[in-house]
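Let's take a walk through this model together, one piece at a time. Have the sequence and the 3D view open as you read.

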Amino acid sequence: MTTEILLAGFGGQGVLFAGKILAYCALTDGKELSWLPSYGPEMRGGTANCSVCVSDEPIGSPLVTAPDILVAMNQPSFDKFINAVKPNGFAFIDSSLVESKCERKDISCYYLPSTSMANENGLQGGSNMILLGKIIKETKIFTLDTVKKAIEKVVPPTKEKLIKNNFKAIELGMNE
Amino acid sequence: MLEKIERNLMKGNEALAESAIRADCKCFFGYPITPQTELAAYMAKRMPKVNGVFLQAESEIAAINMVLGAASTGVRAMTSSSSPGISLKSEGISYLAASDVPALIVNVQRGGPGLGGIQPSQADYWQATRAMGHGDFHILVFAPASVQEMVDMVPKAFDTAEKYRMPAMLLADGLLGQMMEPVSLPEPSKSKCDKSGWAADGHKFKRPHHIINSLYLQPDDLEKLVVERFKRYETVKANETDAELYLTEDCDILLCAYGASARVAKTAVNMARKIGIKAGLFRPKTLYPFPVNELNEAAKTAKCLLDVEMSMGQMIDDVKLAINCSKPVHFYGRTGGAIPVPADVLEKIKTLGGEL
């Protein structure tokens, strides 16, 4: 089985980082995976997205055009990708920044004011990890233990505070 | 899958650079260009730590000529760039070929022509396999389709280049360069090739000069050299082809694709099989020499072929030549930086259903 994940938002929201954590989760669990960033003249404030494929078999095309799981961290990403989600798929939406509600009945949508939640808990920039926590709660694609291992692999040990904050954000999302 | 082997997660560009260092590449000369820049950046970080040379030249043309100089001494040297930068290097590559100097050139292709775009493309196939500079010559062209192959093909390219004393190119693209996949890195290795017969590495008054040269004013001399080189190419064609054949034993329709588009084609083949269409995939891993026998083997049961590329159709010429136009060869491609999606390739396969 292959799970195709598309994460999209503004540059600077940690879309690529969240994708990287998912990729390392897959690596930790011994799965096949691919991680493909959008690249180009994007910078802070521009659009950024990232395709992650997780599978038991070798990955063919790494480009996700019809995701099983969509993470929409801003309005343009929601508008662009919500109709591309596969039937029976999932959408995780930062409702602090996305005003629209999804009209589709064939997908499961979860709305989390993750940007506000992050700010209220002193986790500025942690919106991506809060949404990631929600993903693992609702889809069970990875365990909390796997996610923690992945974070420890990606964030250097010298930045212990960042590791702790990321853990906190994940748990915040999981408890929503 | 062997669990014991450590899997790392790396970008194609970075993994390729690490593999080159492990293959004892001692000199890297480059000039930044998207989507290849991580390769040079990685080299800048690592090369000084392994007693190697990283040098950001003043231009692509300078970089390739530095490769010519360094490789002339027998050390493993390389450069990397993306499409417009490779065009600039073409003069130097012709000189490398004319001087029988082995070296590695990496092209992480982007959309063209001109400055084009920065998104993945495969529009430099003709350039790499037909006309990588002026004059009568070929270079070896390897086509990776995964981050692991970006790694594995580097030592292979260096070894083959040295064996036949000709430049080798790794023809990748922006998608392979930018993506991360699990990858196992090889143990460090060194060249096993004896270069003492030609390398200009200092004679210390103990042997005659070795001269690296590409200028021959007497037509007879030059003709002799070129003819000898083309005899070598015949040996290369006989011995160095490589291809992956996927579900080809009973296929009615044979997809032909290399690099990133082969990944898309493979997914499309699997989708076609699920709905009862007997599709298969021929994926050349060497583009020069082109795996002619392997393609004919793969196409044995096929009623038609479908060539898939991220270009307007370039490799399709080699596909038609290889099978002597004995079967219809159709084409599906996207260009300018657009990446084909498996569903569209499947649609094309379905429209060809009438011929199956």
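Helices here are DSSP runs of H or I with at least four residues, strands are runs of E with at least two, and both are numbered from the N terminus. By that count, chain A has 6 helices and 6 strands. Read from the N terminus on, its elements go β-α-β-β-β-α-β-β-α-α-α-α. Chain A has a radius of gyration (taken over C-alpha atoms) of 15 Å, close to the 16 Å from the globule rule (2.2 Å times the number of residues to the power 0.38) for 176 residues, so chain A is as compact as a globular protein of that length.

Before going on, some housekeeping: this is a predicted model, where local features need pLDDT of at least 70 and side-chain atom pairs count only at pLDDT 80 or more, while totals for chains, interfaces and linings use all residues. Residues are numbered from 1 along each chain as its sequence is written, and chains are lettered from A and ligands numbered from 1 in the order in which they are written.

How much of chain A is buried? Call a residue buried if 20 or more other C-beta atoms, placed from the backbone, lie within 10 Å of its own; then buried residues make up 49% of the 176 residues in chain A.

Now look at where chain A meets chain B. Two residues are in contact if their C-beta atoms, placed from the backbone, lie within 7 Å. On that basis, 19 residues of chain B and 16 residues of chain A take part. On chain B's side, α7 (174-178), β8 (180-183) and α9 (259-274) each give two or more residues, and α9(B) gives the most, with 5 residues.

Chain B itself splits into domain 1 (8-239) and domain 2 (244-355), with bounds from an automatic or database domain assignment. Their C-alpha centres lie 28 Å apart. The contact between them takes 27 residues from domain 1 and 22 residues from domain 2. On the domain 1 side, α5(B) has the largest share, 4 residues.

Finally, the inside. A nonpolar core is a set of buried Ala, Val, Leu, Ile, Met, Phe, Trp, Tyr and Cys residues joined through C-beta atoms within 7 Å. Which members of the largest one touch the most others? Among its 163 residues, they are B:Val67 and B:Leu255. Both domain 1 and domain 2 of chain B give residues to this core, so it lies between them. Leaving aside neighbours within four places in sequence, B:Val67 is in contact with residues including B:Phe29, B:Met78 and B:Ala103.

How values were computed: A residue is buried if 20 or more other C-beta atoms lie within 10 Å of its own, exposed if 12 or fewer, and partly exposed in between; C-beta atoms are placed from the backbone.
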